[in-house]
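Here are some notes for a colleague who is opening this structure for the first time. Please keep the sequence and the model side by side while reading.

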Amino acid sequence: MGRSRIPNLYTLIQQDHRYIQGLIDQLTADPAQVSYDDTARRHVADFLIAAESRHETAEELVLWPAVRRRVPEGHSLAEEGLRQEHEAKIVLDALRFGKGDSLRPLALEFSSLACAHMAFEERSILPAIRKATPWPGGWVLGFKFTMAKKIAPTRPHPNGPQRRLGLLTRGLFTAGLDRLRDKVTGRKA
Ligand SMILES: [Fe+2]
Ligand SMILES: [Fe+2]
C-alpha cells in the first residue's frame, strides 16, 4: 500500500472537521430556505452529536497528549484546546434535548463555538504538531486516532474526564453505556 493511502492524523482531523461542518450547515440553515422538517433536523442533530463526541474524545486521547509532549508551548495550547472543547460540549449536551424552535438557537450557538475551535486547531495546532512529528509519526498517530474513535462515547459528557487516564477508565465505561443506550433506543450514529 502506498504511503499516501494511509491517512495521517492531520488529514483525519481535517476530514472530520469537514463532515462536522457539513452537519452544522444543515442544522443552522434558514428554515425558510430548506425543505426538511423538524424530524429531519432532529436526526441531523443526533448525527452531529455522535460525530462531534467521538471526534473530540479521540483528540483528547491522541492529539492533545502529543501536542503537550512534542510542541513548544504545547502545554498551554492543549489547555486552551481542552477549554474550548469543554465549552462546546456544554452546548452540544443541551442540543440533545432541543426540539422544534428550541433547536436552532442552540445549533447557532454550537456553530460559533465549534467553528472557532476547528479553525484554532487547523491554524495553530495541526501545523505545529506536523512540524514537531518526524515521519512516520503522523501515520502512527492517525492509526491511534482511528482506534480511539471506535471506542469513544457517542454523547458529549461535559462533566466527564478530558484527560487520557480518566478517559481510559471512567470514559470507557461511559462509552459502553452510550452504545448500550444507542442499541436500546435504536439510535444510529
Ligand atoms: Fe477539538
Ligand atoms: Fe477537531
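Is His157 buried, partly exposed or exposed? The reply comes in point 1.

1. His157 counts as partly exposed, at 24% relative accessibility. The cut-offs are these: buried is under 20% relative accessible area, exposed is over 50%, and partly exposed is in between, with a 1.4 Å probe and protein chains only. His157 sits in the loop between α5 and α6 (164-185). Its phi is near 50°, a positive value in a residue other than glycine.

2. A word on the basis. This is a predicted model, in which local features need pLDDT of at least 70 and side-chain atom pairs count only at pLDDT 80 or more, while totals for chains, interfaces and linings use all residues. Residues are numbered from 1 along each chain as its sequence is written, chains are lettered from A and ligands numbered from 1 in the order in which they are written, and side-chain values use heavy atoms, with hydrogens and water left out.

3. Start with the iron ion (ligand 1). Its protein donors are Glu56 (OE), Glu59 (OE), Glu85 (OE), His117 (NE2) and Glu121 (OE), at 2.0 to 2.3 Å. Donors here are N, O and S atoms within 2.8 Å of the metal (3.2 Å for Na, K and Ca); water is not among the atoms, so sites may look incomplete. Along the chain the spacing reads E-x2-E-x25-E-x31-H-x3-E. Helices are DSSP runs (H or I, at least four residues), numbered from the N terminus. Glu56 is buried at 4% relative accessibility. Glu85 is buried too, at 2%.

4. Now the iron ion (ligand 2). His17 (NE2), His55 (NE2), Glu59 (OE) and Glu121 (OE) coordinate it at 2.0 to 2.1 Å. Their spacing is H-x37-H-x3-E-x61-E. The angles among the four donor atoms run from 76 to 170°, and the site is irregular.

5. How far apart are the iron ion (ligand 2) and the iron ion (ligand 1)? They are 3.3 Å apart, and Glu59 coordinates both. His17 lies in helix α1 and Glu59 in helix α2, so this pair ties together parts 42 residues apart in sequence. Both His17 and Glu59 are buried.

6. Look next at helix packing. Helix α1 (residues 9-28) packs on helix α4 (residues 103-132) at an angle of about 165°, with the axes 10 Å apart. Axes are lines fitted to C-alpha atoms over the stretch in contact, and angles run from 0 to 180 degrees between N-to-C directions. α1 and α4 are therefore roughly antiparallel, a term for angles over 145 degrees. The contact of α1 with α4 holds 14 nonpolar, five polar and five charged residues. Nonpolar covers Ala, Val, Leu, Ile, Met, Phe, Trp, Tyr, Cys and Pro; charged covers Asp, Glu, Lys and Arg; the others, Gly among them, are polar.

7. Check the backbone last. Most residues other than glycine have a negative phi, and most peptide bonds are trans. Glu73 has a positive phi, near 65°. Glu73 is in the loop between α2 and α3 and is exposed at 62% relative accessibility. The peptide bond from Trp135 to Pro136 is cis, with omega near 5°. Pro136 belongs to the loop between α4 and α5 (137-151).

Methods. Helix = DSSP H or I, 4+ residues; strand = E, 2+ residues; numbered from the N terminus. Parallel < 35°, antiparallel > 145°, perpendicular 65-115°, else oblique. Tetrahedral: all angles 85-135°; square planar, octahedral: opposite > 155°, others 65-115°.
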